[in-house]
Amino acid sequence: MSAERVEAALISRTASGELPAFEALYRVYHPRLTRFLERMTRRPALVGELLNDTMLVVWNRAGTYNGQCQVSTWIFAIAYRNAIKALSRLDEPVEDARDDAHPAPLESGPEYRAAQSQLHVQLTQALDHLSVEQRAVVQLTYFHGIGYREIGQIVGCPVDTVKTRMFHARRRLKELLAGRMEDWL
């Protein structure tokens, strides 16, 4: 059985009030949503609350899932809307979110690790200069492997708008990172 069918079955069972099905869904989506929300909001202190809010909506509204999109699209759309609402209510500086989930290989030397660290800092800073909408498209595409059509469903806009956001995000990142990338490669 495909992962999508398993997730659809879990949603159906969750809609029937089966707590074990919801717990299984939570375990599947916890790491993916955590990464997405961390990278989108750049506020690690907010991620747990947003994740729980998202999954609470999944629990309460599982019966409204109609199967017209993938389960992941439906859940990521909920997370995206929750994050946008939370960010609009906040007026605080963004913390530097460092992703240590993929450390440098152990056999690499200190120069490699230093260059990777510097690259990570520059990319994080560059991503922080994108609008929330552009950052979401970049995160969903490159860190979650989601296609433009599905991203359009998640963020609630046409595919052409997703493409436009990605175009402007890439152009802005190119401007911000011009001349810096060659130093690390």
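Arginine 172 and glutamate 175 are both part of helix α8 (residues 159-177), where three residues, about one turn of the helix, separate them. Helices here are DSSP runs of H or I with at least four residues, numbered from the N terminus. An α-helix has 3.6 residues a turn, so residues three or four places apart point the same way. The side chains of arginine 172 and glutamate 175 form a salt bridge at 3.4 Å, N to O; the term requires a side-chain nitrogen of Lys or Arg within 4 Å of a carboxyl oxygen of Asp or Glu. Arginine 172 has a relative accessible area of 31% and is partly exposed. Buried stands for under 20% relative accessible area, exposed for over 50%, and partly exposed for values in between, with a 1.4 Å probe and protein chains only.

## Basis of the values

This is a predicted model, in which local features need pLDDT of at least 70 and side-chain atom pairs count only at pLDDT 80 or more, while totals for chains, interfaces and linings use all residues. Residues are numbered from 1 along each chain as its sequence is written, and side-chain values use heavy atoms, with hydrogens and water left out.

## Other salt bridges

The salt-bridge rule gives a count of three. One of them joins arginine 42 to aspartate 128, with the closest N and O atoms 2.8 Å apart. Arginine 42 sits in the loop between α2 (19-41) and α3 (44-61), and aspartate 128 in helix α5 (residues 110-128), so this pair ties together parts 86 residues apart in sequence. Arginine 42 is buried at 4% relative accessible area, whereas aspartate 128 is partly exposed at 31%.

Glutamate 18 pairs with arginine 13 in a salt bridge whose closest N and O atoms are 2.8 Å apart. Glutamate 18 is partly exposed, at 33% relative accessible area, and arginine 13 is partly exposed at 35%.

Threonine 54 belongs to helix α3 and is buried, with 0% relative accessibility. Apart from neighbours within four places in sequence, threonine 54 contacts Leu33, Ile75, Ile78, Ala79 and Asn82; contact means heavy atoms within 4.5 Å.

## Helix α7 and its packing

Two packed helices are described by the angle between their axes and the distance between the axes. Helix α7 (residues 148-155) packs with α8 at an angle of about 100°, their axes being 8 Å apart. Axes are lines fitted to C-alpha atoms, for helices over the stretch in contact, and angles run from 0 to 180 degrees between N-to-C directions. α7 is therefore roughly perpendicular to α8, a class covering 65 to 115 degrees; under 35 is roughly parallel, over 145 roughly antiparallel and the rest oblique. Tyr148, Arg149, Ile151, Gly152 and Val155 of α7 meet Val159, Val162, Lys163, Arg165, Met166 and Arg170 of α8.

The buried residues of α7 are Glu150, Ile151, Gly152, Ile154 and Val155, and they pack against α4 (71-89), α6 (132-143) and α8.

## Helices α2 and α6

The axes of α2 and α6 cross at roughly 145° and come within 9 Å. On the α2 side the contact involves Phe36, Arg39 and Met40, and on the α6 side Val132, Arg135, Ala136, Gln139, Leu140 and Phe143. This contact has six nonpolar, one polar and two charged residues, where Ala, Val, Leu, Ile, Met, Phe, Trp, Tyr, Cys and Pro count as nonpolar, Asp, Glu, Lys and Arg as charged, and the others, Gly among them, as polar.

How values were computed: Helix = DSSP H or I, 4+ residues; strand = E, 2+ residues; numbered from the N terminus.
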